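Keep the picture in view as you read.

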Amino acid sequence: MTLAENPLLFALGANHEFAQRIAFRLGLTISPHEERDFEGGEHKTRPLVEVSGRNIFVVYSLHGEAGASANDKLVRLLFFVGALRDAGAARITIVAPYLAYSRKDRRTKPRDPVATRYVAQLMEAVSADSILTVEVHNLSAFENAFRSCRPEHIATAGCFADHIAGMAQEGEKFAVVSPDAGGNKRAELLRRMLEERLGQPVMKGLMDKHRSSDVVSGTQFVGDVAGCTAIIFDDIIASGTTILRAVDASRQAGADRVIAAAAHARFTAQSPLFGPGAPDLVLISDTIPLPAGLADKALSMIEVVEVSALVGDVIGQIVSGDSVSDLLPYG
């Protein structure tokens, strides 16, 4: 085995739990590094092991949290990747389960920034070889943003389909609902996978949604969810208002039970998601830790769906040089 085939795994910031599950899946240990903060918000991050000629994976979810904004995390990541390159790393893969600025992928108003592309250019500027992320907001925009850095995307539909099928009751009927037109392919992928696992038809629904100046509108709902457990599937739950609109529409359309499911938990402990009109259950993946301070009622409504094992499997395929296409389904 060459040095490049013997990978090193680093976990920056507070991502050790997610990275530890990846490491366990791969039979690796997390390599040590140093992070130092200086006056004025400046910082330094460096590996504490030899990286020359090695295949490096850096795990860092770029969500904002207490004491570390998405911007701060992005700069830390870029500087660490640059340090790895300067130290002679053979190949560097950024593993960003949540990718900051992935929602700002196009111009919606005159002179708007296309932040997704700018983030891609920054990662390429420090010579990252590839970027691996989970359930990105717009897959086409993500893939088209990169040129020299190879983008790899992990869809979570299979993980959620396994979890939902495992909790299904005998005779229970299901429907998958997209909370907006932009997420229809994501929802359709879950619908197909759930149909395969259950061995029965799974209905579908679609909620109309328009957003301008952070104001959400649109009330039209199409689809057949009557008598079903409706699964509202999205990439992110942030404020929770989009999900709540779809929950209400699904119930009005006759759903017996409504489950909200999304890869990234960007909501806060004060989210209206757990207030009046709440879904019966919230399924969230482990890409982002649950927010601190959640009330007991909210915690009782949440189930975490693990995707870290799938991320580990994809990294293993990349290291071995095998195709990852079977692990990375497209909508």
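Two residues count as being in contact when they have heavy atoms within 4.5 Å. The model you are looking at is predicted.

| Helix | Residues | Number of residues | Reach, first to last C-alpha | Expected reach |
|---|---|---|---|---|
| Helix 6 | 184-198 | 15 residues | 21 Å | 21 Å |
| Helix 9 | 308-320 | 13 residues | 18 Å | 18 Å |

For helix 6, the reach is close to the value expected at 1.5 Å a residue. Helix 9 is likewise close to its expected value.

Which residues of helix 6 are buried? They are Arg186, Ala187, Glu188, Leu189, Leu190, Arg191, Met193 and Leu194. Just after this helix comes Gly199, with a positive phi of about 65 degrees.

In helix 9, the buried residues are Ser308, Ala309, Leu310, Val311, Gly312, Val314 and Ile315. Among the elements that cover them are helix 1 (16-26), strand 4 (55-59), strand 5 (91-96), strand 6, strand 7 (150-154) and helix 5. Gly321 follows helix 9, and its phi is positive too, near 80 degrees.

In soluble globular proteins, nonpolar side chains tend to be buried together. In this model, the largest nonpolar core has 40 residues, and the members that touch the most others are Val176, Leu190, Ile231, Leu283 and Val311. Helix 5 gives the largest share of this core, six residues.

**Residues in loops**

Ser127 sits in the loop between helix 3 (115-125) and strand 6 (130-134). Although Ser127 is not a glycine, its phi is positive, at about 70 degrees. Is Ser127 buried, partly exposed or exposed? Its relative accessible area is 33%, so Ser127 is partly exposed. Ser127 and Leu77 are 50 residues apart in sequence, while their C-alpha atoms are 12 Å apart in space.

Glu135 is another residue that has a positive phi without being a glycine, here about 40 degrees. Its place is the loop between strand 6 and helix 4 (139-145). With a relative accessible area of 5%, Glu135 is buried.

Ser31 lies in the loop between helix 1 and strand 2 (33-37). Ser31 is buried because its relative accessible area, 9%, is under the 20% cut-off. Not counting residues up to four places away in sequence, Ser31 touches Leu8, Leu9, Phe10 and Val49.

Which residues make a nonpolar surface patch of about 220 Å²? Leu290, Leu299 and Val304 do. Val304 belongs to strand 16 (residues 302-305), and its relative accessible area of 45% makes it partly exposed.

Definitions and conventions. Residues numbered from 1 in each chain as written. Heavy atoms only, no water. Helix = DSSP H or I, 4+ residues; strand = E, 2+ residues; numbered from the N terminus. Buried < 20%, exposed > 50% of the residue type's maximum accessible area, 1.4 Å probe, protein only. Expected span 1.5 Å × (residues − 1). Patch = residues over 30% accessible without salt bridge, like charges linked within 9 Å, V, L, I, M, F, W, Y side chains within 5 Å. Areas by Shrake-Rupley, 256 points an atom, 1.4 Å probe, with all protein chains shown as cover. Salt bridge = Lys/Arg side-chain N within 4 Å of Asp/Glu carboxyl O. Core = buried A, V, L, I, M, F, W, Y, C linked by side-chain atoms within 4.5 Å.
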